[in-house]
Amino acid sequence: MIFGPPGAGKGTQAKNLEKKLNNFQVSTGDMLRDEIKKDSEIGKKIINYMNDGKFVDNEIVNNIMKKIIFDPKKKNKLIFDGYPRTLDQAKNLDLLLKESNQKIDFIFFLNVNKDTIVKRIERRKILEKRSDDDSGTILKRYDTYMETTRPVLDHYSSHNNYHEIDGSMKISEISMKIEEILEV
Ligand code: AMP
């Protein structure tokens, strides 16, 4: 599981691990953006929340997650990126993992300060043209993270393989650190 504020580099590290370990990145953000692109019923419901930097309903996210966790092709090969983001989601994940006979092996917390995040997301907006990377939305997303997601860490910090990593380091340095811990 990769944990951290928006712009911490969770997606980048998850993609790197996906290749290296032949596992599957599970990015709720990417999945939700896909629903918007497809203009699906879910997409129509969530577009305003996402563009406003607010969280999508736990129920919607938890339902998407259920399908993935019970997918036999992906069993024991999941890299969570951006999920769970609320305590309700963390409890739901615990339940789904238990029911599917899986467990969390490693938790990486990429810790980055607010100034670095704002600079990174402004750059990402130019590169990836994400509609929720607007400068006003960035600050809202950061506040939502601090209020709702940061406390979820307490749920996991006693895990025996919980690792806090300085997310302001270079991408390659963070990858090296993670791989060193995973021994891959
Ligand atoms: P991300 O790509 O992970 O930064 O997510 C982009 C946006 O998608 C967030 O700001 C939320 O609006 C929404 N989102 C992603 N993951 C979740 C989640 N686990 N729970 C609720 N909303 C989410």
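Helices are DSSP runs of H or I that hold at least four residues, and they are numbered from the N terminus. In this predicted model, helix α2, which spans residues 28–38, gives the largest share of the shell around the ligand, namely 4 residues.

**The ligand and its shell**

- The space that the ligand takes up is the largest pocket, and 16 residues lie around the ligand, of which T28, R33, K54, R85 and Q89 come nearest.
- Sorted by class, the shell around the ligand is made up of 6 nonpolar, 4 polar and 6 charged residues.

- In the case of R130, an N or O atom of the side chain is 3.3 Å from an oxygen atom of the ligand.
- Taken on its own, the ligand has 480 Å² of accessible area, and the protein covers 96% of this area.

**D132, a partner of R130**

- D132 has its place in the loop between α6 (114–128) and α7 (135–149), and the side chains of D132 and R130 are joined by a polar contact of 3.0 Å.
- The relative accessible area of D132 is 8%, and D132 therefore counts as buried, given that the cut-off for this class is under 20%.

**D71, in another loop**

- D71 is located in the loop between α4 (58–69) and β3 (78–81), where a polar atom of the D71 side chain lies 3.0 Å from the backbone nitrogen of K73.
- Because its relative accessible area is 19%, D71 is classed as buried, the limit being under 20%.

**T12, in a helix**

- T12 belongs to helix α1, which runs over residues 10–21, and T12 counts as partly exposed because its relative accessibility is 38%, a value between the limits of 20% and 50%.
- Although T12 and I121 are 109 residues apart along the chain, their C-alpha atoms are separated by 13 Å.

Methods:
Residues are numbered from 1 along each chain as its sequence is written. This is a predicted model: local features need pLDDT of at least 70, side-chain atom pairs count only at pLDDT 80 or more; totals for chains, interfaces and linings use all residues. Side-chain values use heavy atoms; hydrogens and water are left out. Helices (H or I, at least four residues) and strands (E, at least two) are DSSP runs, numbered from the N terminus. Buried means under 20% relative accessible area, exposed over 50%, partly exposed in between (1.4 Å probe, protein chains only). A polar contact is a pair of N or O atoms within 3.5 Å; within protein, one must be able to donate a hydrogen and the other to accept it, and residues adjacent in sequence count only if both atoms are side-chain atoms. A residue is near a molecule or strand if one of its heavy atoms lies within 4 Å of it. Accessible areas come from the Shrake-Rupley method with a 1.4 Å probe; for residues, only the protein chains shown count as cover. On a 1 Å grid over the protein atoms alone, a cavity is a set of points where a 1.4 Å probe fits but cannot get out, and a pocket is an open set with protein on both sides within 12 Å along at least five of seven lines; lining residues have an atom within 4 Å of a point. A molecule sits in a cavity or pocket if more than half of its atoms lie within 2 Å of its grid points. Ala, Val, Leu, Ile, Met, Phe, Trp, Tyr, Cys and Pro count as nonpolar, Asp, Glu, Lys and Arg as charged, and the others, Gly among them, as polar.
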